[in-house]
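Please have a look at the sequence and the structure before I go on.

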Amino acid sequence: MKILTGPCVLEDRDTVMRIAEKLKPLSEDERIEFYFKASFDKANRTSLDSYRGPGLEEGLKLFQEIKEQFGYKLVTDIHESCQAKPAGEVLDILQIPAFLCRQTDLLVEAAKTNCKINIKKGQFLAAGAMKHPVEKILKTRGVEEVNYKNSNENGVWLCERGNTFGYGALVVDMKNLIAMREYAPVIFDATHSAQVPSTGGTTGGNSAVVPSLAKAAAAVGVDGFFFETHTDPSIALSDGPNMVQVDELYKVIDDIFAIQEVLGFNK
């Protein structure tokens, strides 16, 4: 099972390295295909004054240090097509943010790297519409037909993180997990699905629902999970309200494995 986890954004070096150290047991779990995730730039923050991250150059230096010290595979978001090539030289997965999942230039430049591509489904899109971003990646990589097998073999994943219907919260339709697996392996983003976007100038959330959402997705059947985590979400510089504390994350992952075992998904 794929697990993508880490802080929302690269904070100061000591905090990031402390989180990376706490996640080491997950990276050593033979059941898990582990990826450390963080953003070098949160370019879609609600407020102009919100912390965005260290930027591309400093962020890639910190990612390289994490890779050298822990041996982790790495994931980050890119927001501009010019970021794909330099990020692709350090990272293992390039993540396409939900609001940018239809941006052709961004998808094409990401596809030109050797990285896997994790495309987040836009909050404004139906599951069926995600065939088209997958098609852009696959065609750039020389593959014509969109299906699960071709996407899996060519490193294209889709990521569910809920839909918004204009009332300030995200709603997860579990049918989307089934529909999108026709096109590609599906990662369920449990923490962003718990967001309450743009409340009072910042993004809020309800981390208490994260375990239930994750267990529901495990019961439906997915290829992996995305969790944002922190040693102390109350002081996280981005997305703290919907994060899972590192120690609590292990219990959630154990529950996921238990559900998949009962349902025979691990066979």
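When the whole structure, which is a predicted model, is searched for salt bridges, 18 of them are found.

Let me begin with Lys-37 and Glu-228, whose side chains meet in a salt bridge at 3.5 Å, counted from N to O. This pair links distant parts of the chain, since Lys-37 belongs to strand S2, residues 33–37, while Glu-228 belongs to strand S12, residues 224–230, and the two are 191 residues apart. Are these two partners buried or exposed? Both Lys-37 and Glu-228 are buried.

A second salt bridge joins the side chains of Lys-67 and Asp-92, with 3.4 Å from N to O. Here Lys-67 is part of helix H3, residues 56–70, and Asp-92 is in the loop between helix H4 (84–88) and strand S4 (93–96), so the bridge ties together parts that are 25 residues apart in sequence. Why do we call Lys-67 partly exposed? Its relative accessible area is 24%, and the partly exposed class lies between the buried class, under 20%, and the exposed class, over 50%. Asp-92, with a relative accessible area of 25%, is also partly exposed.

Glu-153 counts as exposed because its relative accessibility is 53%, and Lys-149 counts as exposed because its value is 51%.

Now let me turn to strand S1, residues 2–6, which is mostly covered, with 5 of its 5 residues buried. In a regular strand, side chains alternate between the two faces of the sheet. For S1 both faces are covered, with Lys-2, Leu-4 and Gly-6 buried on one side and Ile-3 and Thr-5 buried on the other.

Which strands pair with S1? S1 pairs with S2 in the parallel sense over 4 bridges, and Lys-2 has Glu-33 as its bridge partner in S2. S1 also pairs with S12 in the parallel sense, over 5 bridges, and there the bridge partner of Thr-5 is Phe-227.

Definitions and conventions
Residues numbered from 1 in each chain as written. Predicted model: local features only at pLDDT ≥ 70, side-chain atom pairs only at ≥ 80, totals over all residues. Heavy atoms only, no water. Salt bridge = Lys/Arg side-chain N within 4 Å of Asp/Glu carboxyl O. Buried < 20%, exposed > 50% of the residue type's maximum accessible area, 1.4 Å probe, protein only. Pairing = 2+ DSSP bridges.
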